[in-house]
Amino acid sequence: MLLAEDDRAIRHALERALTLEGYQVTAVADGVEALAQAHKTPPDVLVLDVMMPGIDGLQVCRVLRAEGDRTPILMLTALVETQDRIAGLDAGADDYVVKPFDVEEVFARLRALLRRTSPDGMAPAAGAVAGAVAKAPVPELPQGRIEAAGLRMDIQARRAWRGTRELELTRTEFELLELLVRNAGIVLDHSTIYDRIWGYDFGPGSKNLAVYVGYLRRKLDDPGAPQLIHTVRGVGYVLRED
């Protein structure tokens with residue numbers, strides 16, 4: 001694990017807590033060191049403070065994503081406005097924790113991120129809300145491919161297409177789309193999606209899910225083509241062709 005935090009007290013305290021939790025931690029004090037260390041020894045997960053001198057956490061995130069690095073990234077931020085959090089997600093972060101934070105929350109979010117990147121961490125979701133259309137989850141085709149509603153996904157290669165058009169998706173977008181495709185026609189409630197994708201329910205006030213659904217819709221929908229991801233007000237989302 002790579003930890004980048006410019007506040008010495010927070011850095012040392014978090015490094016010690018993570019080490020006691022069983023992580024092998026490399027801790028650095030700024031974005032320049034973070035990039036150098038990430039290039040030298042790619043970590044399994046990054047924990048980046050947003051506000052660092054020189055190159056901040058958002059810039060580190062953007063550089064790594066531009067290089068094609070898909071290592072899970074957890075952002076630490078003292079910025080609590082929705083737009084600030086969206087900026088982190090736009091930069092390519094997978095999740096964030098707001099300061100001051102409980103270290104147990106950091107542990108929980110890291111476990112969720114690492115589950116998502118483990119070979120068997122992304123189990124198909126079977127949950128459906130009452131009144132949902134009774135359909136079986138989409139069967140997996142040979143060679144790790146799944147299909148539904150005109151979408152094709154190669155899970156092993158982490159590639160997706162709508163028709164003949166390949167979609168450029170981030171890690172979280174891909175996993176959200178995979179969850180929806182596997183459960184095409186089934187209404188998935190917010191809690192189920194949060195649990196399967198983030199491993200943590202952000203609560204009713206969170207905008208995370210709506211933000212990512214918006215990202216997916218912009219990438220999926222073609223002019224004049226039917227919308228594929230539908231909102232079920234007060235419940236959640238469903239993938240289907242109308």
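1. Let's begin with a pair of residues: Met153 of strand 7 is the bridge partner of Ile146. Do keep in mind as you read on that this model is predicted.

2. Stepping back to the strands, strand 7 (residues 151–154) and strand 6 are joined by four bridges in the antiparallel sense. In general, strands of a sheet pair through backbone hydrogen bonds, either parallel or antiparallel.

3. Now the sheet itself: four strands form an open sheet in the order 6-7-8-9, with antiparallel pairing. Strand 6 (145–148) and strand 9 (165–167) are the edge strands, each pairing on one side only. On average, neighbouring strands are turned by 25° against each other, direction ignored.

4. Which strands does helix 6 lie across? Helix 6 (residues 171–182) lies across strand 6, strand 7, strand 8 (159–162) and strand 9, and runs at about 120° to strand 7. Helix 8 (residues 208–220) also packs on the sheet, where it touches strand 7, strand 8 and strand 9. The direction of helix 8 makes about 160° with that of strand 9.

5. Helix 1 is worth a look too. Arg11, Leu14 and Leu18 are buried there. Seen down the helix axis, the buried residues fall within an arc of 75°, so they line one face of helix 1. The face turned away from that buried side carries the exposed residues Arg8, Ala9, Arg16 and Leu20.

6. Finally, the two ends of helix 1. At its start, a side-chain oxygen of Asp7 comes to within 3.1 Å of the backbone nitrogen of Ala9. Just after the helix, Gly22 has a positive phi of about 110°.

Key
Residues are numbered from 1 along each chain as its sequence is written. This is a predicted model: local features need pLDDT of at least 70, side-chain atom pairs count only at pLDDT 80 or more; totals for chains, interfaces and linings use all residues. Side-chain values use heavy atoms; hydrogens and water are left out. Buried means under 20% relative accessible area, exposed over 50%, partly exposed in between (1.4 Å probe, protein chains only). The arc is that of the directions from the helix axis to the C-beta atoms. A polar contact is a pair of N or O atoms within 3.5 Å; within protein, one must be able to donate a hydrogen and the other to accept it, and residues adjacent in sequence count only if both atoms are side-chain atoms. Two strands pair if DSSP finds at least two bridges between them. Axes are lines fitted to C-alpha atoms, for helices over the stretch in contact, and angles run from 0 to 180 degrees between N-to-C directions. Contact means heavy atoms within 4.5 Å.
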